[in-house]
Amino acid sequence: MLQFRFSTALEKLFHTSRKRPLTDIVRHKASVPKPLCFSSSCPHVHRTSEIKTLRYGGHRAFSHASPPWRRPLCTKAEGAIEPSEPVKKDETVQEAAADKRRKAGILPSLEDLLFYTIAEGQERIPAHKFITALKATGLRTGDPRLKECMDMLKVTLKTTSDGVMLDRHLFKKCVQSNIVLLTQAFRKKFVIPDFMSFAAHIDKLYEKAKNLSGGQVADYIPQLAKFSPDLWAVSLCTVDGQRHTVGDTKVPFCLQSCVKPLKYAIAVHDHGTEYVHRFIGKEPSGLRFNKLFLNEDDRPHNPMVNAGAIVCTSLIKQKASNAEKFDYVMNFLKNMAGNEYVGFSNATFQSERESGDRNFAIGYYLKEKKCFPEGTDMTSILDFYFQLCSIEVTCESASVMAATLANGGFCPITGERVLSPEAVRNTLSLMHSCGMYDFSGQFAFHVGLPAKSGVAGGILLVVPNVMGIMCWSPPLDKLGNSVRGIQFCQDLVSLFNFHNYDNLRHFAKKLDPRREGGDQRQHTSFGPMDYESLQQELALKDTLWKKVSPTESNEDSSTTVVYRMESVGEHS
């Protein structure tokens with residue numbers, strides 16, 4: 001016989017299991033085709049050093065590093081369900097089993113936790129209470145990620161007697177397809193945890209800017225002159241898909257120069273940085289955006305001025321027709337906007353083309369200096385350039401585009417990768433240094449965030465890794481930026497520590513909406529519901545979690561840490 005060395009854990013397992021065969025410990029006999037073998041010749045035996053213990057409360061369970069087809073061994077905790085019991089379908093039996101598991105220290109499902117959080121001790125909840133609570137987190141019922149949940153909710157309510165109330169089983173049926181997202185929302189795991197408080201601050205900033213007068217609506221493009229100077233809107237979307245809008249956010253308007261960073265991002269995404277910057281520089285020009293002027297290498301200074309934007313337009317789908325190019329860019333922008341409104345104003349396009357003498361002059365100058373890729377039809381490119389300037393958005397859809405840039409190229413409300421990290425980084429860098437016309441330096445100094453303005457009155461603002469914002473008001477200052485939009489951006493950074501160079505640890509006067517409670521580092525006492533872990537189905541199959549205070553965690557105390565995974569074998 002080969003000698004077999006026992007670990008302490010394995011000895012305890014044998015003492016515990018003498019009164020019943022090991023085969024009964026396995027939860028489902030069918031999952032193991034033959035009795036377990038502890039001989040060194042057995043191919044399924046692993047080193048005893050791999051057998052470690054996990055602790056939860058006072059109970060211990062043994063986990064063996066086994067092949068994926070075999071379930072881990074475990075000992076029965078007091079009050080636990082006997083593993084050899086058959087699986088029962090009767091709901092009352094399942095209820096009893098769930099209660100038994102909870103008493104044994106096994107955590108309830110995420111669906112149960114969510115129901116208890118909303119129900120507040122009631123056995124049933126009205127559907128509108130769930131919807132109201134959902135909106136308070138910043139999520140919308142029309143969020144594409146929640147489509148299955150909302151569709152199931154509509155179907156389920158039709159089957160109830162009153163069409164209003166949901167018990168726990170019906171509620172679980174509705175939310176199970178989107179439970180991880182919903183749990184993150186209700187447990188304040190999003191980037192802005194106290195979203196209602198944050199939205200209230202945004203509303204105040206909006207009202208303050210609304211009272212401003214002054215500025216002139218752009219009239220050098222006749223269609224733009226038709227907009228009312230009283231229009232004013234702000235919309236934001238966080239990297240988690242939290243939404244807030246105030247004002248005239250559903251009124252369509254043309255992107256104009258706000259499209260410049262977007263088409264530059266598309267060009268870099270398609271061709272890479274090195275190729276794009278063979279034709280375009282990276283430096284601020286210090287000149288008016290429509291100046292006929294190139295840098296010392298006879299290239300446009302950057303893609304945010306007209307000359308650079310025209311050359312950038314020529315890099316997109318170079319061998320395709322204008323119709324194919326336009327469809328390509330429209331589809332790209334719709335993906336960035338999460339399939340929200342992106343349209344086209346033909347009247348603005350015609351108006352742009354008829355009054356575009358300066359841009360034609362720039363085009364011919366670029367052609368003379370051989371700034372375009374070989375074989376480029378300059379007049380065709382100018383038509384395409386005017387078309388892209390005439391793409392319409394609303395504040396709401398444009399805020400999702402900005403949030404896609406804030407989120408590293410992933411659209412927050414669809415989860416789809418739209419842009420490469422390289423394209424996003426380069427775009428934000430140039431927006432920061434060149435995005436606000438001749439006001440770019442002052443904006444970078446006072447606001448410290450990437451932004452791009454347009455003569456239609458829009459300001460596309462990005463708070464990297466936090467949110468995207470679109471402000472829109474047609475009256476412009478003498479530099480071509482929205483008067484109300486500039487004021488809003490400055491007030492936003494005065495209130496919140498969003499400036500790129502605000503210190504996130506030692507701030508004194510500013511609020512940090514990324515922290516629960518705003519400007520305070522809270523050591524909150526958590527109720528019994530918060531004691532339970534976020535049982536994410538994939539991440540926590542075989543791990544156990546315990547509650548810890550922020551000071552016990554290795555993480556920075558500026559972030560409240562509620563849960564920490566016990567290391568495998570940490571207390572063995």
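Phe-344 is partly exposed, with a relative accessible area of 30%, whereas Phe-326 comes out as buried at 14%; here buried means under 20% relative accessible area, exposed over 50%, and partly exposed in between, using a 1.4 Å probe and protein chains only. This is a predicted model, so to speak of local features a pLDDT of at least 70 is needed, side-chain atom pairs count only at pLDDT 80 or more, and totals for chains, interfaces and linings use all residues. Residues are numbered from 1 along each chain as its sequence is written, and side-chain values use heavy atoms, with hydrogens and water left out.

Now for the rings. A pair of aromatic rings is described by the distance of the centres and the angle of the planes. The structure holds 18 aromatic pairs, where rings of Phe, Tyr and Trp (its six-membered ring) pair if their centres lie within 6.5 Å, and planes under 30 degrees apart count as stacked, over 60 as edge-to-face and the rest as tilted. One of them brings together Phe-198 and Phe-496, a tilted pair with 5.0 Å from centre to centre and 50° between the planes. Phe-198 belongs to helix α8 (residues 195-210) and Phe-496 to the loop between α19 (483-495) and α20 (528-531), so this pair ties together parts that are 298 residues apart in sequence. Helices (H or I, at least four residues) and strands (E, at least two) are DSSP runs, numbered from the N terminus. Phe-198 and Phe-496 are both buried.

Phe-326 and Phe-344 make an edge-to-face pair, at 5.1 Å centre to centre and 75° between the planes. Phe-326 sits in helix α12 (residues 322-336) and Phe-344 in strand β9 (residues 342-344), 18 residues apart. Elsewhere, ring pairs link Phe-115, Tyr-116, Phe-130, Phe-171 and Phe-186 into a cluster.

Rings also meet charges. A charge sits over a ring if NZ of Lys or CZ of Arg is within 6 Å of the ring centre and within 35 degrees of the ring normal. Lys-317 has its charged end over the ring of Tyr-328, 4.6 Å from the centre, and Lys-452 lies over the face of Tyr-437, at 4.2 Å from the ring centre.

Then there is the sheet. Five strands form an open, antiparallel sheet in the order β7-β6-β13-β12-β11; two strands pair if DSSP finds at least two bridges between them. β7 (243-247) and β11 (451-453) stand at the edges with a single partner strand each, so one side of each is left without a neighbour in the sheet. Three bridges join β11 to the antiparallel strand β12 (residues 458-463), and Ala-451 stands opposite Leu-461 in β12.
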